[in-house]
Amino acid sequence: MNPTTQALVINAAVLVAVLEADLGPHRRIGPFRILRPVLAAGAIVPLFVKNPAVSGTGLALEIGGVVAGLLCGALAAATLRIHRSPRTGRPVSRTGWAYAAVWTGVIGARAAFSYGSTHWFAGPLGSWMQEHQVSGDALTDALLLMAVAMMLTRSAALAVGYRGVMTTGPRSGLAS
């Protein structure tokens, strides 16, 4: 599978997994829901990050990918509501169109960039990468690390909200 197709498949899989797990008005929060992205990251990073940059612009790009993922994850988490279920008394989450729009927009932009890097603006991107001594691996790693950081931020938000609801009562969590 070529790198562009691989990136598109990973982006689609992440989007489907996140929306399937989170979208809706009453999604139960449990250890597996919180840990699934952590386990996925543990499998994805060693499998796909082969030659991480250790200095220069490549490293800055990879760090930028992580920071962008954290920020996008925080934006998505801001639309996530965690509360105690009136039916079960257990923590549940509620998400809607805003949550789906953040995830779809970010993953769509990442997929468009991946596609565009080989079809729309390969020449200018290649020149920039050569001028700044950025490898293709560093660019790919930055996009992958962005996705992983976004998923892990989502898990952290669920864990914090879950703990808040479990320890302080029905009016706690990220939002009521």
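A residue is described here as buried under 20% relative accessible area, as exposed over 50% and as partly exposed in between, with a 1.4 Å probe and protein chains only. The structure is a predicted model, in which local features need pLDDT of at least 70 and side-chain atom pairs count only at pLDDT 80 or more, while totals for chains, interfaces and linings use all residues. Residues are numbered from 1 along each chain as its sequence is written, and side-chain values use heavy atoms, with hydrogens and water left out.

At 72% relative accessibility, Gln-133 counts as exposed; this residue is found in the loop between helix H5 (122-131) and H6, helices being DSSP runs (H or I, at least four residues) numbered from the N terminus. The phi of Gln-133 is near 55°, a positive value in a residue other than glycine, whereas most residues other than glycine have a negative phi.

The axes of helix H1 (residues 3-22) and helix H2 (residues 31-48) come within 11 Å and cross at roughly 170°, and the two helices are therefore roughly antiparallel to each other (angles over 145 degrees). Their contact (heavy atoms within 4.5 Å) is made by residues including Gln-6 and Ile-10 of H1 and Arg-33 and Phe-48 of H2.

Leaving aside neighbours within four places in sequence, Val-14 is in contact with Trp-103, Ile-107 and Met-151.

Methods
Axes are lines fitted to C-alpha atoms, for helices over the stretch in contact, and angles run from 0 to 180 degrees between N-to-C directions. Angles under 35 degrees count as roughly parallel, over 145 as roughly antiparallel, 65 to 115 as roughly perpendicular and the rest as oblique.
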